[in-house]
Amino acid sequence: MPVNVFLQDNLSALTAAKAPVITWLASQNIVPETLPGRLIRNPMGHLDYQTEQGARLHGAIPPSVAYRDWTPADDGRLAAGGTIIIGSGLGYGINHILTKTPDTHKVLVIEPRADLLLACLGQTDYRPFLAAGKLEFLPPDKKVFEERLRPMDVCFIFGKIHLRSDLPSSQFGPEYARWTAHARARLENISVELSTLRQKQDVMVGNELKNYHRAMSEGSLLGLRGMGQGMAAVVLGAGPSLARFAPELAKRRGRALYATALQTLPALEGTGLRPDICMAIDFRPEMRVCIDNLRDKSFAADIPLIYSTKMDPEVLAMYPGPTLPMWSVGGLATYVMADQEMILDAGGNVGVSLFRFLYACGVSSILLAGQDFSWAGEYTHAPGHHSAAYKHRGTSRHEVTTTNAHGQTIHTTVAYMAAKRDLEQTLREGNIRVCNLYGGGLVIESAKNVTLDEAHRCGALSCAPGSLERFFAALQRARSPRVRPVFAPRAAKWSSSLKNAGNHLEKLFKHPGKKTAEIRTMFQRLTVFFKQDPLYLPYLYNEIMDVSGLCHARTSYGMKDMVEFRHIRKRVLDKVREMDRRLSGPGEKRAA
């Protein structure tokens, strides 16, 4: 029986493409010559795989039964979408998806077992699909998986990502279930992130442009990097358990840096616990309620606010205390000020942002309090928080019911679970001790649950001598105005280039049926053009996605696509002119 016919051809193609899976396979010490003996015909006559222990992949079940529900519905988004497959299953499921989806549909395969992956690669010639970029085999490496997911934003926005777990493979070990759970969690998180970007990126970067001059005059966080060494920090969340922990911490504060979110300040007012710093990352104008809810504005007069430059400038103007700007990934500073600023991945949760900031400052330990990411009774937040007035009256489609560490029923949301996963990932990447004053909410992995007595005994509320003073001195220095870069205007150049591109497209669209390939190539070139300038790229995110959709989410073209391009071109030029106006004024330093 001929087996492994295509193994070397597929491996050669993957090697030529410098696919990370090749490096992983080489590290597994699998001898391909041993595989033919494991490939057999099952009672139904289908090719099967048998382990040394005698377990079979498919057994007596026809492969067609295992994969009959894998065909994704063609709802108009299939061409722009993708499928992630956990487990290769000798290629039966992979081949099913490859033949049932358009050429533009992306297929990613993660196979945790090297022997099964080699067996799969031996049965089908995947070179055409690999060369076309339709199919990729990934190693069971979370970092590689993350890197590959990021460029799939077009699939998330214009299509749908399907997750398929190979059921026959899952019987061979728990790693398949673990990878399926990890992939599902990452897809949920990225979906939330991209949905926010798609809907709000214009507002967030627009706020940055409005805040640009103020941010430059108020200082930089760069000087705080590493200045928290020897310092214990406490991050206060607004979960229901804060109502219990805040008064206790006020009485036994210890010697630590207390940090919280702007939203949590009203919940702390009246508890006797005043934080040392607070942070705000929310761009919405509704954030004004956090300041309005302070009964006495003087409570915040001495609390420095570290604010995302994406914050609404009108809300920022309301804050009664000192302010210090924070530049974050996805904004104006991402590329052009990388060496001049502390640029943080703020994520979507301010508690996560605070942890990342403190980690960048080099603190020695962090104690979490009020970080419940859930609730047990009617109230979802601690009293004083702007959401505390709302009672939980029943489940909704966004809610998840689960249990806490004590086996008690609690409620959470998809967004909270995504934020908790972001925090857990950050905890795993950090190399500092993290404890959690556990209040009965979701368990935070990598954080040790402690009582207040245990927190004091283990030093979670004790700073090294002089470390707090050193940090506060650095914080004061950080508020000094910085030199403001001034950027050369781009509008004239962009206007000329886009006019020429538009004229060329107008000619092609006179015969769109015959010029499909040339039109797609032109949209590809425009995508590259829109991405050329790292300063302008964040503000043009939606337009880049829209022209990428014209390139990758269309199988044919009509005049409506030309009309859409005209709208995209107008929006691009309007944004470029606005950026020129905001960033090209008189300043102390000129950048190219």
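Predicted model: local features only at pLDDT ≥ 70, side-chain atom pairs only at ≥ 80, totals over all residues.
**α1 and α2**

The angle is about 120 degrees, and the axes are 7 Å apart. I took axes as lines fitted to C-alpha atoms, for helices over the stretch in contact, with angles from 0 to 180 degrees between N-to-C directions. Helices here are DSSP runs of H or I with at least four residues, strands are runs of E with at least two, and both are numbered from the N terminus.

Residues are numbered from 1 along each chain as its sequence is written, and side-chain values use heavy atoms, with hydrogens and water left out.

Next I listed the contact (heavy atoms within 4.5 Å). L11, L14 and T15 contribute from α1, and V21, I22 and L25 from α2. I sorted the residues by class: Ala, Val, Leu, Ile, Met, Phe, Trp, Tyr, Cys and Pro are nonpolar, Asp, Glu, Lys and Arg are charged, and the others, Gly among them, are polar. The contact of α1 with α2 has five nonpolar residues, one polar and no charged.

**Positive phi**

I then checked backbone angles. Most residues other than glycine have a negative phi. K18 has a phi near 55 degrees, a positive value in a residue other than glycine. K18 lies in the loop between α1 (7-16) and α2 (20-27). Is K18 buried or exposed? K18 is exposed, at a relative accessible area of 75%; the cut-offs are under 20% for buried, over 50% for exposed and partly exposed in between, with a 1.4 Å probe and protein chains only.

S446 also turned up, with phi near 75 degrees, a positive value in a residue other than glycine. I placed S446 in the loop between β16 (433-437) and β17 (448-450). S446 is partly exposed at 47% relative accessibility.

**α22 and its partners**

I looked at α10 (residues 175-218) against α22: the axes come within 8 Å and cross at roughly 120 degrees. These two helices are therefore oblique to each other. From α10, the contact uses L194, L197, R198, Q201 and D202; from α22, Y541, N542, M545 and D546. By class I logged four nonpolar, two polar and three charged residues for α10 with α22.

I turned to α22 (residues 541-552) with α23 (residues 559-583), which pack at about 160 degrees with axes 10 Å apart. This pair is therefore roughly antiparallel. E543, D546, V547 and L550 make the contact from α22, and D561, E564, F565, I568, R571, V572 and K575 from α23. The class count for α22 with α23 is five nonpolar, no polar and six charged.

**Aromatic pairs**

How many aromatic pairs does the structure hold? I found 13. A pair needs ring centres within 6.5 Å for Phe, Tyr and Trp (its six-membered ring); planes under 30 degrees apart are stacked, over 60 edge-to-face, the rest tilted.

W375 and Y416 pair edge-to-face, 6.4 Å centre to centre with 85 degrees between the planes. W375 is in the loop between β13 (365-369) and β14 (399-403) and Y416 is in α17 (residues 414-429), so the pair ties together parts 41 residues apart in sequence. W375 is buried at 4% relative accessibility, whereas Y416 is partly exposed at 23%.

I checked F523 and F565 too: their ring centres are 6.2 Å apart and their planes at 55 degrees, so the pair is tilted. F523 sits in α21 (residues 516-530) and F565 in α23, 42 residues apart. F523 is buried at 0% relative accessibility, and F565 is buried at 0%. I also logged one aromatic cluster, formed by W494, F529, F530 and Y536.

**S241**

S241 is buried, with a relative accessible area of 7%. Leaving out residues up to four places away in sequence, S241 touches G370, D372 and G439. I took its spacing to E424 as well: 183 residues apart in sequence, 19 Å apart in space, C-alpha to C-alpha.

Terms used:
Parallel < 35°, antiparallel > 145°, perpendicular 65-115°, else oblique.
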